[in-house]
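Open your viewer and get ready to click through a few stops. We will select residues one group at a time and see what each holds.

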Amino acid sequence: MKKSLVVGVLALALQQAAQAETGYYLVTTYPVEGEKSLDFKYWNAKPTGAPPRSSPELGFGYTVNSRWYTELSAVWFQLSPGPQRFAAWEWQNDFMLTQGQYDVDVALHTNVTRNDDTARGVGFEIGPVMQTEIGRTQLNLNLLLQRDYRVATHEDVELAYQWQIRQRWKRGFQ
């Protein structure tokens, strides 16, 4: 019970300190060695006073061994009204650092984004992905440092966070 209280308080504190990025999905890493995957993600948003935007992503993943997952993704972007265009290649790698020997499992998440528009530069993301379980409740907390390296400008490092509390109520219903 003490562990869930700490994670809950930390998650609430982080929620007050920053805003989550639109379209971000929760990163989890529990690899099944030799597994291949086809990953499709899609997000859209309509910011106040701005045109709608959307971004589909298609990725091919492979679990190299019991500790390493890698995925190469193609990303498209559309600012409405307007055509959808190819936007970037992304290469994600997740490395399990612990696997059940502690109360919290930890992985190191990395992601490199090669934008099609060279003026937008190259993006990097790195940080811990953490998960624990208390009974039928799963808790996730990820703290990811992000930075874009652009040709003409200096970009600051940003902290993106993700958290989730999942209750497994019945088989197939969470």
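Start by selecting Lys41: it counts as buried because its relative accessibility is 12% (buried means under 20% relative accessible area, exposed over 50%, partly exposed in between, with a 1.4 Å probe and protein chains only). A note before we move on: this is a predicted model, where local features need pLDDT of at least 70, side-chain atom pairs count only at pLDDT 80 or more, and totals for chains, interfaces and linings use all residues. Residues are numbered from 1 along each chain as its sequence is written, and side-chain values use heavy atoms, leaving out hydrogens and water.

Glu71 counts as buried, at 2% relative accessibility.

Next, select Asp39, whose side chain meets that of Lys41 in a salt bridge (2.7 Å, N to O). Asp39, Lys41 and Glu71 are linked in a network of salt bridges.

For a last stop, select Ser80 and Pro81. Is the peptide bond between Ser80 and Pro81 cis or trans? The bond is cis, with omega near -10°. Most peptide bonds are trans. Pro81 lies in the loop between strands S3 and S4.

Definitions and conventions:
Helix = DSSP H or I, 4+ residues; strand = E, 2+ residues; numbered from the N terminus. Salt bridge = Lys/Arg side-chain N within 4 Å of Asp/Glu carboxyl O.
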